[in-house]
Structure formats: structure tokens, C-alpha cells
Amino acid sequence: MKLVGSLSDQVVEPCFAGNHRRRLFWSMMLAKMEKRLSGWRGKHLSLRGKVTLLNSVINNLPIFLLSFFKAPKCVLEDIIKIQRNFLWGDGGGSRKMCWVSWDKICLRTEEGGLGVKNVEWFNLSLMSKWGWRFLNDKHAIWFNLLQFRYDSGLQSLCDVVSKSVLSNYSLWWRDIRLVCGTPFGGHDWFCDSISCKLGRGNSFLAWKHCWLGNISLKLLFPRLFEVCSFPNALVINCGLWENEGWSWKVGVDSTLLVGELLEDWKELTEILKDVKPCMNEVDKLIWWRDVEGFSVRNAFKRLYSLNAVNHIGSDFRRCELKRLWKAIIPCKVKLFGWRWILGALPTRKELWHRGVILGVEGSFCPLCELEEEFVGHLFLKCCKVKTIWKEVFSWFGVDFDDLLGFSDIDAIVTGEDVLLFLSNSLDGRVKSSFFAFIWSLVCWSIWNARNNLVFKHSIWNVVEIFLIIKSIGWDWISILSKGSININRDLWFANPTNFIGL
Ligand SMILES: [Zn+2]
């Protein structure tokens with residue numbers, strides 16, 4: 001990279017060899033990413049470990065290029081493909097089956113995702129830093145150079161410019177304009193996130209900038225804006241100091257002020273009545289929710305707030321996911337529970353849906369071989385699994401057969417349905433903070449026993465599985481609670497409500 005600091009020079013921006021609109025330009029970075037990831041191949045990272053790695057290492061690698069250039073769609077897709085294969089596969093290059101859509105993976109954990117950073121938003125937030133600096137670093141040399149070429153201020157960054165004007169810009173500045181000045185996901189996310197604090201009024205355009213609140217006068221009074229004489233006037237030029245007071249002259253011909261225009265005018269006058277420039281203060285730009293000012297992190301948060309779609313579904317689901325992430329259980333079990341709630345477990349019916357298993361008979365439950373294997377069946381309704389729940393419930397002093405008699409068992413299909421049934425059934429028996437612990441403990445054990453039966457041809461032994469449930473539960477509580485729950489093994493085996501009951 002070189003930065004050339006001469007006004008006579010045509011190049012005032014960072015200059016890299018090649019055209020960043022082409023995939024070739026990014027190929028080295030993509031290869032580096034893949035290489036870095038393949039180093040982790042076969043290291044048996046948990047999904048959680050992989051997420052951490054994706055956020056800390058993988059997003060650091062391309063940060064340099066992503067800070068300067070808007071990555072084209074094809075490159076963003078390539079990056080996501082590499083990330084996705086790493087997350088679901090062993091880090092190799094071959095295509096892996098993805099069980100949850102990438103949009104969901106990129107949601108925050110409390111909203112149903114895994115919190116992997118969306119690389120497109122990350123790219124935009126890194127780039128927008130230049131836009132923000134352009135608006136604020138008025139004394140920097142590079143600002144003077146850009147001002148010389150492209151004019152300055154919010155207007156030059158946010159206003160719509162014609163294609164012919166845009167084509168005169170360098171590729172780099174065009175990208176900054178595209179990131180900061182054009183809508184993304186239907187929002188003028190950058191310019192609309194900036195508000196103006198009026199000082200002298202020599203930086204803000206009276207009609208176009210939001211110096212009176214969250215909306216510009218242009219949008220508030222479109223009819224007046226149509227007829228005003230100076231649409232690009234600065235605030236300071238829209239009034240006069242007279243007899244030590246400030247009087248507004250916003251430049252609308254008084255002969256036009258009849259009917260609706262007059263009404264608008266009166267309203268505008270009322271709004272402006274108590275406002276005046278403050279000559280001792282400079283105009284200041286304020287970033288959205290200005291707590292710490294602008295940062296790449298805050299820009300990312302802004303993009304997230306505008307674009308992350310809430311895929312999570314019901315309040316119940318959101319609440320159960322929240323309890324799951326907080327539960328005293330190992331990370332891998334949390335991830336199992338997450339996939340379970342999202343319907344993303346490789347049950348035979350799911351595999352059949354995805355064309356991995358051919359023939360309907362392949363989608364049948366490996367335990368009873370009577371019905372299709374879906375979450376509601378495998379984890380509750382299967383006759384082989386009911387016997388396990390029967391033991392678990394009697395461990396908590398509840399009669400499972402009675403419960404089934406009162407429930408509409410046919411309606412139970414998804415993980416959420418099972419959870420609702422269990423939540424109602426254990427209500428009053430288990431502390432709500434331990435509900436996720438119990439269901440994930442039992443379902444995790446059922447899933448392992450099912451996999452042992454399918455892949456290792458083990459026998460389905462209810463007594464043994466129930467013993468494993470008790471014993472794993474004891475391990476988790478005694479190890480993961482780090483001594484905060486003093487637990488006696490025999491007591492736990494006899495009656496768990498001593499520890500996690502109400
Ligand atoms: Zn079955």
C-alpha cells in the first residue's frame with residue numbers, strides 16, 4: 001500500500017495492485033483463510049470452540065483488506081462458504097451439510113444464533129470508519145486531499161450523486177460512498193445514524209441535515225423545501241444577529257405563503273422560535289446512541305439492529321434457549337440442546353428430507369421401527385423412550401402414565417412441543433433454573449444411547465440408560481457448579497429434588 005500526499009497527484013487514496021472488484025484480488029486472502037483453518041482439521045473442536053475461532057482468528061485475517069475495500073458479493077460468499085464448512089465439517093474443503101441457516105448462525109446467542117460475525121456487516125462497519133473520519137478529522141492531511149477532490153461534509157458523503165459523477169471518483173472513494181451514502185437493507189444506515197448538535201451552524205445544511213432532532217426540515221416540510229430559494233444553505237446563513245438576538249431568514253418567498261404553505265410556515269416558525277446558533281461552540285456530529293462515540297463495533301451494532309431478522313420464533317422458545325445457555329451443563333450439550341430446539345438434529349426423518357437417506361422405510365425409528373424418527377417421536381413418544389421418561393419422572397415423584405393420559409400426545413411433533421410438555425409436567429417439581437439441565441441431560445443421554453445402538457449395535461437397556469442419566473447428572477452438578485451446590489451422590493441418586501427441586 002502507498003499513500004501519496006501531493007495535491008498534484010491524482011492518487012490520494014490507498015493504492016493496491018489489482019482491481020478489488022475481481023475475485024482474483026482477494027484470492028490470496030481466501031487461500032490464507034483456508035490454510036489457517038485446515039491447521040485445525042481433525043483437532044476435534046467443539047462447535048463452541050469453532051465459533052470462538054471463527055470470530056477471533058478468522059475475522060482477523062481478512063481485516064486489513066476488508067478495512068479498505070468493499071468485498072464483492074462473490075468474495076463474501078466465498079468467505080462464508082469457508083466459514084460454514086469449517087463450522088459444520090472437519091475444516092477440509094469439501095462441502096458439508098449445514099443444519100442451521102447462516103443467517104441464524106449469525107444471530108446473537110440470546111436471539112437463537114451462535115454469534116458468528118456477519119462478514120458483510122463487518123466489512124461495512126470497517127469501511128464506514130473512513131466515512132466517519134472524513135466527517136470529523138478536519139485537520140488531517142488526507143481529509144484536505146479528499147476535500148480538494150470531492151468536496152466535504154455530510155452532503156458530499158450522503159447525498160445522491162449521478163452515475164456520471166460517481167464514475168469520476170476513484171474506486172476507493174466510490175466504495176466509501178457506496179458504504180456510507182447508499183441504503184443497505186432498505187436503510188440509509190450510516191447517514192441516518194448521525195445526528196447533529198448545533199454550534200455555530202457553519203457545517204450543517206439547514207434543510208438537509210438533522211440538526212433539529214431526528215429528522216431534516218426537508219423531510220418535515222417537503223412543500224416548503226420545494227419552494228425555498230437556497231436548498232443547500234448553511235444554518236448560519238439562514239438568519240441574522242439583530243439587536244443581540246437571532247432572527248431566522250430561511251429563504252422562502254413571502255408571496256408564496258398562502259394555504260398549506262402558510263400553515264407549514266407557521267409551524268416551522270414555532271419550531272425555530274427557541275433555537276439559535278451558539279457562536280462559542282463548534283457544530284458536532286453524534287453517532288447513534290452516542291455513549292462511546294463512533295467505533296467499528298458500534299457501527300456493527302447499528303447494522304445488526306437494522307438487519308438482523310429475528311428468526312427465533314415464539315417467546316417460549318426464546319426463553320428456553322436463554323435458560324439453556326445459562327444451564328450448568330457442558331458446552332457440547334448446550335450446542336446439542338440448541339440444535340434440538342431449532343430442529344437441526346440429524347434424525348432419520350431429517351436425513352430423509354434432505355435426500356441423504358433414500359426410501360421412506362429408511363426414515364423409521366431405529367428403536368421401535370414402527371414410526372418415522374422425528375424429534376417428538378425419538379425423544380418422547382417412542383415406546384422405548386417412554387420407559388426412560390417413566391423412570392425419570394418417578395425419580396422426581398411424578399407418575400408419567402398419568403401425565404400422558406392428560407396430554408394431547410398426538411400434537412407433540414417438534415422439540416418445542418416436547419419442551420412444552422416437559423415444562424408443564426415438571427412444573428412445581430424442579431427449580432426453573434434447572435429445567436434446561438434436566439431435559440438436556442435426559443435427551444442427551446437418549447441421543448447417545450440411540451447413536452450407540454445405530455452405529456455400535458449396542459443393546460437398548462433402560463436400566464443402564466437411567467443409571468447413566470443419574471450418574472452424568474451428578475458429574476455435571478458436582479463439577480460444573482464448582483462447589484456452589486454441595487451434593488451427596490447417594491442422596492442425588494435417591495431423590496434429586498433435594499438439590500434441584502423447589
Ligand atoms: Zn420409536
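## Helices and cores in a predicted model

Among contacts in the protein between residues at least 6 apart in sequence, 64% join residues at least 24 apart. Keep in mind that you're looking at a predicted model. The protein has 25 helices and four strands, and 31% of its 502 residues count as buried.

**The largest core**

Let's start with the largest nonpolar core, which has 45 residues. The residues with the most contacts inside this core are Phe379, Val385, Val418, Phe437, Ile438, Trp439 and Val442. Which helices each supply at least two residues of this core? They are H15 (315-326), H16 (331-341), H18 (375-381), H19 (383-395), H21, H22 and H23 (462-480). H22 gives the largest share, eleven residues.

A second, separate core has 42 residues, and Val51, Leu107, Val119 and Trp132 are among them. As background, nonpolar side chains tend to be buried together in soluble globular proteins.

Back to Phe437, one of the residues with the most contacts inside the largest core. If you leave aside its neighbours within four places in sequence, Phe437 is in contact with Ala327, Ile328, Ile329 and Ile500.

H22 spans residues 435-456, while H21 covers residues 415-426. Here are two packing pairs that involve H22:

| Helix pair | Angle | Axis separation |
|---|---|---|
| H21 and H22 | about 125 degrees | 11 Å |
| H22 and H23 | about 130 degrees | 10 Å |

Why do H21 and H22 count as oblique to each other? They pack at an angle of about 125 degrees, and angles from 65 to 115 count as roughly perpendicular while those over 145 count as roughly antiparallel, so this one is oblique. The crossing of H21 and H22 is right-handed. On the H21 side, the contact is made by Leu419, Leu422, Ser423 and Leu426, and on the H22 side by Phe435, Ile438 and Trp439. Sort those contact residues by class and you get six nonpolar, one polar and no charged.

H22 passes H23 in a right-handed crossing. Which residues make this contact? H22 brings Leu441, Val442, Ser445 and Ala449, and H23 brings Ile465, Ile468, Ile469, Ile472 and Gly473. By class, the contact of H22 with H23 has seven nonpolar, two polar and no charged residues.

**Two residues to look up**

Is Phe134 buried or exposed? Phe134 sits in helix H6 (residues 119-136). Since 20 or more C-beta neighbours within 10 Å make a residue buried, Phe134 counts as buried because it has 23 of them inside 10 Å. Phe134 is ten residues from Asn144 in sequence, and their C-alpha atoms are 9.4 Å apart in space.

Glu369 is found in the loop between helix H17 (348-353) and H18. What about its surroundings? The cut-off for exposed is 12 or fewer neighbours, so Glu369, with 10 C-beta neighbours inside 10 Å, counts as exposed. Cys382 is 13 residues away from Glu369 along the chain, and 9.5 Å separates their C-alpha atoms.

How values were computed
Residues are numbered from 1 along each chain as its sequence is written. This is a predicted model: local features need pLDDT of at least 70, side-chain atom pairs count only at pLDDT 80 or more; totals for chains, interfaces and linings use all residues. Axes are lines fitted to C-alpha atoms, for helices over the stretch in contact, and angles run from 0 to 180 degrees between N-to-C directions. Angles under 35 degrees count as roughly parallel, over 145 as roughly antiparallel, 65 to 115 as roughly perpendicular and the rest as oblique. A crossing is left-handed if the near helix is turned anticlockwise from the far one by less than a right angle, and right-handed if clockwise. Two residues are in contact if their C-beta atoms, placed from the backbone, lie within 7 Å. Ala, Val, Leu, Ile, Met, Phe, Trp, Tyr, Cys and Pro count as nonpolar, Asp, Glu, Lys and Arg as charged, and the others, Gly among them, as polar. A nonpolar core is a set of buried Ala, Val, Leu, Ile, Met, Phe, Trp, Tyr and Cys residues joined through C-beta atoms within 7 Å.
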